[in-house]
Amino acid sequence: MDYKSAWLIIAKANLHVGNENVANYGLIDKAVQRDAITNLPCINSSSLKGALNEYATVCLSKSLTADQRVSIFGVDKGDKNKSTQKGNTSFFDAEILALPRPSETNLYELASCDAVLERFCSRLNTFGLNLTVEELKDIMAQHCGRNVSVYVAEDFHRFCDDLELPIIARNCLENGESKNLWYEQVLPRETVFGTLMLAKNDDLAKVLDGKIVQIGANATIGYGFCKLVKIANNEEE
């Protein structure tokens, strides 16, 4: 891949990217996706790619030609009029970098931990994107409007566990009568993720930077609207 780019994904509304592969027998009926190693919230690459493909199809038709979109994402599985074609872009899981928390001195704080930030920077460094933890903190402060509050890993894990993340009751009504009550876990607005894309060129990156993309479920009730910010690419070296 010739073009490498690192991104922040900043939730501007509550976010629910559901984990459909896990059965939940407790209070939470619909949990968020989690990293298999750290058990921290994440956005799986397939979910991210699907959301970006949808956004490119609906909102970027004037910026990307149909052939460019197919080149980036590949041929849609449902399109029987075209032969199979693999996309030229690799999308990675989005890792949680910071979580908004109540603060005694401000409206809220942006909580993170060095282990999480170091893991993300190490991933970028593996692909030749050199970004230090301090540089990442400064970039996050710039785009999120507040400094990052650093906690130990144990505390950050606790902030992200099922007992701490918001759980919202959802209901389906028929003629005013409850037919289906369920509980859905969300990540609150201002949650920050980091991700990486490897591509043949910068066709997607140059039209995606700064855009608001809907990711995950419940778009009709305002969930999942996230700002994508490019924070590094290999052309800057």
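Q: Let's start with the strands. Which strand pairs with β1, and in what sense?

A: β1 pairs with strand β11, residues 225-233, in the antiparallel sense, over seven bridges. Keep in mind as we go that this is a predicted model. To see the pairing residue by residue, find Leu8: Val229 in β11 stands opposite.

Q: Which other strand pairs with β11 in the antiparallel sense?

A: Strand β10, residues 212-214, pairs with β11 over three bridges, again in the antiparallel sense. Here you can look for Ile212, which stands opposite Lys227 in β11.

Q: How do I read a nonpolar core? Which residues touch the most other members of the largest one?

A: The general idea first: in soluble globular proteins, nonpolar side chains tend to be buried together. In this model the largest nonpolar core has 65 residues, and Leu8, Leu136 and Ile215 touch the most other members. β1 gives the most to this core, with seven residues.

Q: What does Ile215 touch, if I skip residues up to four places away in sequence?

A: Ile215 touches Ile9, Leu15, Val17, Ile43, Leu48, Ala51, Gly224 and Cys226.

Q: Now the charged side chains. How many salt bridges are there?

A: Side chains of opposite charge can pair when their charged atoms come close. In this structure the count comes to 11 salt bridges. Let's take a few.

One of them joins the side chains of Glu95 and Arg119, with 3.7 Å from N to O. Glu95 lies in strand β4 (residues 94-102) and Arg119 in helix α3 (residues 114-126), so this pair ties together parts that are 24 residues apart in sequence.

Q: Is Glu95 buried or exposed?

A: A residue counts as buried under 20% relative accessible area. Glu95 has 9%, so Glu95 is buried.

Q: Which helices do Asp114 and Lys137 lie in?

A: Asp114 lies in helix α3 and Lys137 in helix α4 (residues 133-144), so the pair ties together parts that are 23 residues apart in sequence. Their side chains meet in a salt bridge at 3.2 Å, N to O. Asp114 is partly exposed at 29% relative accessibility, whereas Lys137 is buried at 14%.

Q: Which residues do salt bridges with shared partners join into one network?

A: Asp35, Glu95, Arg119 and Arg123 are joined that way. Asp35 sits in the loop between β1 (3-11) and β2 (42-43). With a relative accessible area of 14%, Asp35 is buried. Leaving aside neighbours within four places in sequence, Asp35 is in contact with Leu40, Cys42 and Arg119.

Q: Back to α3. Which residues in α3 are buried?

A: They are Val116, Leu117, Phe120, Cys121 and Leu124. These residues cover an arc of only 130° around the axis, which puts them on the same side of α3. As for length, α3 has 13 residues and reaches 18 Å from its first C-alpha to its last, close to the 18 Å expected at 1.5 Å a residue. After α3 comes Gly128, whose phi is positive, near 85°.

Q: Where do I find Glu190, and what is its phi?

A: Look in the loop between β8 (177-185) and β9 (192-199). Glu190 is not a glycine, yet its phi is positive, about 85°. At 16% relative accessibility, Glu190 counts as buried.

Q: And Asn218: which loop is that residue in?

A: Asn218 is in the loop between β10 and β11. Phi of Asn218 is near 65°, a positive value in a residue other than glycine. Asn218 counts as buried too, at 18% relative accessibility.

Key
Residues are numbered from 1 along each chain as its sequence is written. This is a predicted model: local features need pLDDT of at least 70, side-chain atom pairs count only at pLDDT 80 or more; totals for chains, interfaces and linings use all residues. Side-chain values use heavy atoms; hydrogens and water are left out. Helices (H or I, at least four residues) and strands (E, at least two) are DSSP runs, numbered from the N terminus. Buried means under 20% relative accessible area, exposed over 50%, partly exposed in between (1.4 Å probe, protein chains only). Contact means heavy atoms within 4.5 Å. A nonpolar core is a set of buried Ala, Val, Leu, Ile, Met, Phe, Trp, Tyr and Cys residues joined through side-chain atoms within 4.5 Å. A salt bridge is a side-chain nitrogen of Lys or Arg within 4 Å of a carboxyl oxygen of Asp or Glu. Two strands pair if DSSP finds at least two bridges between them. The expected span of a helix is 1.5 Å times one less than its number of residues. The arc is that of the directions from the helix axis to the C-beta atoms.
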